[in-house]
Amino acid sequence: MKSCARDYSMAPLFLVLTGFLLVPLASCAGHDYGQALTKSILFFEAQRSGPLPSSQRVQWRGHSGLYDGKANGVDLVGGYYDAGDNVKFGLPMAFTVTMMSWSILEYGKQMGATGELGHAMDAVKWGTDYLIKAHPEPNVLYGEVGDGNTDHYCWQRPEDMTTSRQAYKIDPSKPGSDLAGETAAAMAAASVVFRASNPSYSHTLLNHAYQLFDFADKYRGKYDSSISVAQKYYRSVSGYDDELLWAAAWLYKASNNEYYLNYLGNNGDALGGTGWAMTEFGWDVKYAGVQTLVAKFLMQGKGGHYAPVFEKYQEKAEFFMCSCLGKSTHNVQKTPGGLIFRQRWNNLQFVTSASFLLTTYSDYLSSAGKNLKCASGTVSPSELLSFAKSQVDYILGDNPRATSYMVGYGSNYPKQVHHRASSIVSIKENPSFVTCRGGYATWFSRKASDPNLLTGAIVGGPDAYDNFADERDNYEQTEPATYNNAPLLGILARLSGGHSGYNQLLPVQLPAPKPVVTKPKPSPQHKATPSPASTSSQISIEQKKTSSWVSNGRTYYRYSTVVTNKSGKTLKNLKLSVSNLYGPLWGLKKYGNSYTLPAWIKYLPAGKSIEFVYIHSASPADVSVSSYTLV
C-alpha cells in the first residue's frame with residue numbers, strides 16, 4: 001500500500017466538531033504497513049547490547065556491555081536495553097520477547113510473505129539467548145544489569161558507558177514470581193517460534209520455561225522486593241498472580257501438557273483470572289492477555305470440564321475488548337483524536353498492546369464464526385479489527401498533529417528522541433570518549449535533530465489532548481521502549497498481509513524464514529573473561545574456519561577451535577563460555593551454562609591442546625575462559 005506520509009498542511013482538510021475541539025481529518029490512500037513492519041523490527045537492532053553480529057543493519061551502533069555479569073561471575077552479555085537508557089531490565093525485556101513471539105505465532109505467515117519473518121525471529125532469539133544466560137540454575141534468575149539511578153545520572157553512548165554494571169538476581173531466599181513467571185512465558189512462547197526451524201533450541205527454551213514456572217510457583221514473592229533498585233523504574237504494581245496464570249497459559253500452548261491447563265482451571269478464581277475485568281494490558285498487568293489466550297483455548301474446544309471456568313476468563317477478555325471500543329459499562333479514556341489514553345508517561349505502550357489483543361481476538365472470532373457481545377450491543381469481528389487499525393493509523397500519522405510517532409516513518413516524526421545512543425554522534429564517526437556528565441552538556445541539551453536515526457522506534461506519544469512536544473528532555477513523550485514495538489509487529493503484519501483465509505484457531509505452522517542476505521564483513525572477536533584469572537598468558541584460544549557450504553540458500557561454516565594450556569602447569573576444571581552459537585558443537589561437554597573438557601579428558605598437561613568444532617551460519621562464536629585450576 002502507498003505510504004500516507006501525512007502532511008496536513010498540504011492535504012485536503014475536513015473539520016469534525018468533537019465537543020469543543022476541531023479535529024482535522026485527512027483523505028489519504030492509506031499506509032504502507034509493510035514498510036512500517038520493516039522499520040519496527042529494525043528498532044530492536046538499535047537496542048542490542050553485547051557484541052554485534054556481522055549481519056547488524058543499524059550501522060551506527062557498536063559493541064557494548066561486553067563484560068556484563070563479570071563482577072557476579074556469570075556471563076550476562078547480550079540482550080536488549082529497554083528504552084533510552086543503558087540498563088537491561090529483565091521484566092520488560094521478557095515481556096518484549098513474549099509479545100514478539102506471540103506476534104510471530106499469530107501472523108508469521110504474513111511476515112514470511114513480506115520477507116520479515118527471519119528478521120523477527122532473529123529479534124526474538126537475541127532476547128532468548130540472553131534470557132538463557134540469565135537463568136544459570138533452576139532457581140536463580142538474573143533480573144537486571146546496571147541500575148537506573150547511576151545510569152540516569154549519566155548521558156553516554158552504550159559503547160562508552162562507565163556506570164555500574166552490577167547484576168541483580170532472584171533466588172529462593174529473594175523470590176520474584178512475576179519476573180520468573182514472565183520469563184517462563186517468554187521462553188515457552190519462543191519455543192513454539194523455533195519448534196520447526198531449530199528444534200534443539202526450542203527444546204532448550206521449553207526446559208528453561210518449565211524450571212522457571214516451578215521456581216515462580218514454589219517460591220512466591222514480588223521481584224521488586226528482592227531487586228529493590230527496579231522499584232523506581234519497573235515496579236510490579238499488579239503483583240505476581242497474573243504472571244503465574246500467563247506463564248501457565250503459554251506453557252500449555254507450548255507443551256500441550258494438561259498440567260498447565262489444570263493450573264488455569266484450578267487457580268482462575270484464586271489468582272484473579274476469572275475476576276479481574278481490566279482496561280489495560282502491558283508489561284506489568286497481564287490479565288487481559290491471559291484471558292484472551294484462555295478464550296482462544298475455549299474456542300478451540302480445549303476447555304473440557306473447565307469450560308465453565310474458562311467462560312469466565314472469556315467474559316473478562318470480552319469486557320476488555322468492549323471497553324476499548326467504548327461499548328462497555330466502563331470504557332477506556334480516549335483523546336479527542338480517538339487514541340486510547342491510559343497515562344501521560346509512555347501512553348503508546350498501552351495502545352499497541354491493546355490493539356494487538358483486539359486484532360487477534362477479531363481473528364479468533366472470525367475463525368469461530370462468532371461475534372462479540374458488548375453491553376451496548378453486538379460487535380462484528382471486522383469492527384474490532386477496524387478499531388485496532390485506527391489506533392495503528394493514528395500512530396503512523398492519522399492524528400490532529402499529523403505526526404508519525406514511529407521514528408523514520410512518514411515525513412513528520414520525532415527528531416529529538418530521548419535516547420542516549422541516537423542522540424550522541426556514533427562512535428564509528430567520532431570515537432572520542434563521551435564522559436558521564438559531558439554527554440548532558442554536549443548532547444542532551446542540544447536543540448537539534450539526533451545525529452543517528454532511531455528507525456522504527458515508537459515513542460511515548462501524545463497527551464490526553466493529542467498534544468506532543470518533540471524535545472529530548474520530554475522523556476514522558478519522546479522516549480521509546482522495546483515493549484512499545486513488540487505487539488506492533490503482529491498488527492502490522494496482519495494489516496500488511498491480510499487474513500488470507502487462515503483459521504486462527506488451528507495449530508501454528510510457521511513458514512520457513514527466508515535467509516537474510518547480508519554482505520559478509522569481518523567481526524571483531526569478543527574476548528570477555530568473566531574470571532580475573534583468565535588471561536592469554538595462561539590459556540590461548542584460536543579459532544579458524546575450516547569449511548563452508550550452502551544449503552537452502554543459507555551459508556553454513558565449520559569452525560575449529562583450539563584451546564592450549566600455555567601455563568607450564570597442569571590445567572584442571574576448565575570451564576569455557578561459548579556465546580552467540582547457533583548450531584551443534586562437538587568435543588566439549590555441556591555443563592550448566594558453560595562447557596567443560598569431555599569425559600575422557602580429565603586434565604590438560606602443560607603445552608597440550610584440545611580441539612572442538614561447531615557448525616552454524618554466522619561469524620565465529622564468542623569463546624572465552626570462565627574458570628580453571630592450575631596444579
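What you're looking at is a predicted model, where local features need pLDDT of at least 70, side-chain atom pairs count only at pLDDT 80 or more, and totals for chains, interfaces and linings use all residues. Residues are numbered from 1 along each chain as its sequence is written, and side-chain values use heavy atoms, with hydrogens and water left out.

**Overall build**
- The protein has 17 helices and 17 strands; these are DSSP runs numbered from the N terminus, with helices being H or I of at least four residues and strands E of at least two.
- Its radius of gyration, taken over C-alpha atoms, is 25 Å, close to the 25 Å that the globule rule (2.2 Å times the number of residues to the power 0.38) gives for 631 residues, so the protein is as compact as a globular protein of that length.
- Along the principal axes, the C-alpha trace spans about 85 × 60 × 50 Å.
- Of the 631 residues, 59% count as buried, meaning under 20% relative accessible area with a 1.4 Å probe and protein chains only.

**Sheet 10-11-16-13**
- In this open sheet, 4 strands line up in the order 10-11-16-13 with antiparallel pairing; two strands pair if DSSP finds at least two bridges between them.
- Strand 10 (539–551) and strand 13 (585–586) sit at the edges with a single partner strand each, so one side of each has no neighbour in the sheet.
- Strand 10 and strand 11 (residues 554–565) run antiparallel and are joined by 12 bridges.
- I541 has V563 in strand 11 as its bridge partner.

**Sheet 14-15-12-17**
- Here, too, you'll find an open sheet: 4 strands, in the order 14-15-12-17, paired antiparallel.
- Its edge strands are strand 14 (589–591) and strand 17 (622–630), each pairing on one side only.
- Strand 12 (residues 571–579) pairs with strand 15 (residues 594–596) in the antiparallel sense over 2 bridges.
- Opposite K575 stands T596 in strand 15.

**Second largest pocket**
- The lining of the second largest pocket has 37 residues, with Y233, Y234, W283, Q343 and W345 lying nearest its centre.
- A pocket is an open set of points on a 1 Å grid over the protein atoms alone where a 1.4 Å probe fits, with protein on both sides within 12 Å along at least five of seven lines; lining residues have an atom within 4 Å of a point.
- Helix 12 (348–368) and helix 15 (438–444) are the elements that give two or more residues to the lining of the second largest pocket.

Note on methods: Buried < 20%, exposed > 50% of the residue type's maximum accessible area, 1.4 Å probe, protein only.
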